[in-house]
Amino acid sequence: MTVLDVQDIAKSFTLHLRGGLTLPVVAGVSFEVAAGECVALGGPSGAGKSSILKMIYGNYRTDAGRILIDDGAAVIDVASASPREILALRATTLGYVSQFLRVIPRVAALDIVAEPLRARGIDTTEANARASAMLKRLNLPERLWHLPPATFSGGEQQRVNIARGFIADTRLLLLDEPTASLDGANRDAVIGLIRDKRAAGTALVGIFHDDEVRDAVADRTLDVRAFAAA
Amino acid sequence: MSEAIATERTAYNFAYLDEQTKRAIRRAILKAIAIPGYQVPFASREMPMPRGWGTGGVQVTAAIIGPDDVLKVIDQGADDTTNAVAIRGFFTRVANVATTTRTVEATIIQTRHRVPETPLNADQILVYQVPIPEPLRFLEPRETETRKLHALADYGTMHVKLYEDIAHFGEIATTYAYPVTVDGRYVMDPSPIPKFDNPKLDDCPALQLFGAGREKRIYAVPPHTRVVSLDFEDHPFAPQRFTEPCALCGATGVFLDEVILDDRGGRMFVCSDTDFCNGRQAAGHRGRLAGNPIESGEGADV
Amino acid sequence: MCEEPLLIAEGLTKFYGARLGCRDVSFTLHAGEVLAVVGESGSGKSTLLGLLSTELAPSAGHVRYSMRDGSLRDLAELSEPERRLLLRTDWGFVRQSPEAGLRMAVSAGANVGERLMAVGWRHYGNIRGAAADWLGRVEIAADRIDDSPKSFSGGMRQRLQIARNLVTAPRLVFMDEPTGGLDVSVQARLLDLIRSLVADLGLAVVIVTHDLAVARLLSHRIMVMKEGCVIEEGLTDQVLDDPQAAYTQLLVSSVLQS
């Protein structure tokens, strides 16, 4: 069953502050991802891998083409959806994990991780229990759980972010270098999380700089150089 | 006829104001009676006394007084204070009316700060001198806005002041000019009478008129109108209570003034309504200090 | 997705004489949505807030609002009592200057309790209880309930203003630069408080700010205004991460990276 159907999308940036200079990024991008499938985006830096992920998430606008996501009840085109539809999609169907945590002042790590569950109506006790299990799996020391992550190390913040990204059940999960700069043990933990998601039927699209991780989780790799814009 | 006599003797029209002015004020009074508690603007005149000395009350009295009326004027409950004596003298001169200090004999009672202890009757009119007629002024300095609040009966914020009293003093500490709702509609400042007198406004058989000369407003409580003091469910309105009776006439359940007797802390509490106190003494009632050589028995000056 | 919008603005235009305040602004706002209106001083964002909140009368256009009884009403056609009731029950307005939004002459408790008294609460104990509860929710110590806001710091005053607005459980709150003029550390605390209250209570908010970081933290959607017109709008992260208009790109590039 196809969860994500990308049809002929294109993206360029117009830099008005540089005299209207246009930077083409990608064009003619088309691929499908089925439930339970993990597709890796490959290619060198600057090829547009992150831009494709951000277009799928609705974070970047799409100049042309369609990005169809099946949320279980309807198929929504992210490229033309209203902000409200994209927010609803993110709240139920579409997840995104980057390596950077956007820290919210004064909110404890455990609450940051549990928040997507509470937003889905799961009561605080269960949400916290699942958040605790997730943080334990990612080897975040328990003494940090009730502290706001602003003072955490980069690696600790990254694991809080991964825990938050993986905790909820989404039909489609986008991964933007989730294992960058993680040590071996934590990298293996993330590989385990990705495999669990796949087994549960989640469709995944990811960027993995680490070939070992990619080989461990991806069903196939899509070389983004094929979509280089003219 | 007597109007002509008055004019001849004083070179003023009867009751000082010209007839056109009196008509204008009477129209304002009629409107005020028709809309109980509503402040009717009127063209307040210069009077031969400073604003703030009761010119609002004086103009109302001048507009309603007739040659057969008997006038009583009280200030802080007393008939013999400067202001009361001056206003009584004024009307004696410009209207040649009879005056009295006895509540029961008066047809018009002009007052500042008190409602007489003796119950009023349907043949009497009580005229209040009002310094600040606007009960919402505490919360809202803009006249345009207070008029809008009255028009919309938007009075919820009146309770903010009462809330503040309870928060700071444990009770509603407002003791004078305690706001009331008239006839279930307008919130009114009953003028600076003690809240002790508020219950007397309710269902009163006499017509009550309020004149604010400086602020140019007239308002009224018609006879037998419902007048309710604002309060909270769990802090109901309560008038002041006095623990001891009047030192001169022994009356209880009346409003008392404190009188200092000497430099050693000696004091007594006596009726603020001098006419009421004198009447009781004349009827043989005696308080703790009555007949005491310090006191003349004429009542207390305050 | 098919639920009715809370507020619909259509072609809102305001001229001050010959000078343009804002022109042809249209949008819809749903329950629980936070819309940030960004732009520099004079861009028309405060005029827009004034039009939405009925403090200003539009030169053209309409604002419709879904009342608590479910009816959709043109705000210009509300009677004055209806308008006032709306302002003090279903709406809140948090102003940049707490002195403009508070009664500085009465205690913190009375400031919070005022709206309750205005809608007919007449039990002192209940009013005080609700005020104490709200002071707690905005992190003001219970023993400050009888203190004047004059004795409060700027951040505390702003939190008090928020409590005063939220005590009647409004569905829509207007905020005009709520963190303006506060120290950075105080700002952070206030923003976090606003963020959690908005999420917990499911408030719809229209927030005017020139601070893109505030917009990013609080809002779902953003409208960029320049010279009275909306020049770009959309999902907050999309507008900030992939700005299209030249002016938006300039605004975004002017933010210091943290």
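Is A:Arg187 buried or exposed, and at what relative accessibility? At 18% relative accessibility, A:Arg187 counts as buried; buried means under 20% relative accessible area, exposed over 50%, and partly exposed in between (1.4 Å probe, protein chains only).

A few ground rules first. This is a predicted model, where local features need pLDDT of at least 70 and side-chain atom pairs count only at pLDDT 80 or more, while totals for chains, interfaces and linings use all residues. Residues are numbered from 1 along each chain as its sequence is written, chains are lettered from A and ligands numbered from 1 in the order in which they are written, and side-chain values use heavy atoms, leaving out hydrogens and water.

Now for the salt bridges (a side-chain nitrogen of Lys or Arg within 4 Å of a carboxyl oxygen of Asp or Glu). Over all chains there are 52 of them, including these:

| C:Glu232 | A:Arg61 | 3.2 Å |

Helices here are DSSP runs (H or I, at least four residues), numbered from the N terminus.

C:Glu80 and C:Arg83 share helix 2 of chain C, 3 residues apart, or about one turn of the helix. Both are partly exposed, C:Glu80 with a relative accessible area of 25% and C:Arg83 with 21%.

How values were computed:
Helix = DSSP H or I, 4+ residues; strand = E, 2+ residues; numbered from the N terminus.
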